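Here is a short report on one protein chain. Look at the sequence and the 3D view, then read on.

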Amino acid sequence: MDIKEKNIKEISRQLLIDKKIPVTRPRILFLEILLKNKGPLKVEDVILKSKGNLAVSSIYRIINDLKETNLIDEFQTLDNTKVIEIIEDEHHHHIFCQSCGTVLDFVLNTKLEKNLEKEIAQIESTYDISVLSHRLELVILCKKCK
Ligand SMILES: [Zn+2]
Ligand SMILES: [Zn+2]
């Protein structure tokens, strides 16, 4: 095991400890897959990348457990494929390739994000509603597909 791999294992363990989730080998393996990928991953890709080291049923169970404890987030691609990612402090948005289904993260610059928040506050008062969260999605053709 090289140092980098050891660190990912350690980070996985720490993520669980920080959230007071019991540390188990399958959960560590699962988080290692997500951390190695550095971004959102389709559930089907998690299954592929686990190379049979995790049963599909435990993958779904782990996803549910980690969603409940707010360690990971789940959302859907344009064709309703489930995608998961580790929840990070930095607020971000998603890019979807309409052709191959690639999912990427992007961060809006602070100024734009602030303006968006102002706009949303406006909408809240106009419609007399509470906006709980917002999403900005870019539908693209990626480098490979365009
Ligand atoms: Zn594409
Ligand atoms: Zn994301």
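Which residues of α2 are buried? They are Arg-27, Phe-30, Leu-31, Ile-33 and Leu-34. A residue is buried if 20 or more other C-beta atoms lie within 10 Å of its own, exposed if 12 or fewer, and partly exposed in between, with C-beta atoms placed from the backbone. Seen down the axis of α2, these buried residues fall within an arc of 150°, so they line one face of the helix. The arc is that of the directions from the helix axis to the C-beta atoms. An α-helix has 3.6 residues a turn, so residues three or four places apart point the same way.

This is a predicted model, in which local features need pLDDT of at least 70 and side-chain atom pairs count only at pLDDT 80 or more, while totals for chains, interfaces and linings use all residues. Residues are numbered from 1 along each chain as its sequence is written, and chains are lettered from A and ligands numbered from 1 in the order in which they are written.

**The chain as a whole**

The protein chain has 5 helices and 6 strands. Helices (H or I, at least four residues) and strands (E, at least two) are DSSP runs, numbered from the N terminus. Along the sequence the pattern is α-α-β-α-α-β-β-β-β-α-β. The C-alpha atoms fill a box of roughly 55 × 40 × 30 Å, taken along the principal axes. Of the 146 residues in the chain, 14% are buried.

Is α5 tucked away or in the open? The number of its residues that are buried is 0, so α5 lies largely in the open. Glu-117 lies in this helix. With 12 C-beta neighbours inside 10 Å, Glu-117 counts as exposed. The C-alpha atoms of Glu-117 and Leu-41 are separated by 28 Å. Along the chain, these two residues are 76 residues apart.

What follows each helix? Just after α2, Lys-38 takes a positive phi of about 50°. After α5 comes Asp-128, with a positive phi near 55°.

**The nonpolar core**

A nonpolar core is a set of buried Ala, Val, Leu, Ile, Met, Phe, Trp, Tyr and Cys residues joined through C-beta atoms within 7 Å. The largest one here has 17 residues. Phe-30, Leu-34, Leu-41 and Ile-59 have the most contacts inside it. At least two residues of this core come from each of α2 (25-37), α4 (56-68), β3 (82-86) and β4 (93-97). The largest share, 4 residues, comes from α2. Leu-34 touches Leu-41 and Ile-86, not counting residues up to four places away in sequence. Two residues are in contact if their C-beta atoms, placed from the backbone, lie within 7 Å.

**Two domains**

The domain assignment gives domain 1 (1-88) and domain 2 (89-146). Such bounds come from an automatic or database domain assignment. The centres of the two domains, taken over C-alpha atoms, are 24 Å apart. Contact between them involves 8 residues of domain 1 and 10 residues of domain 2.
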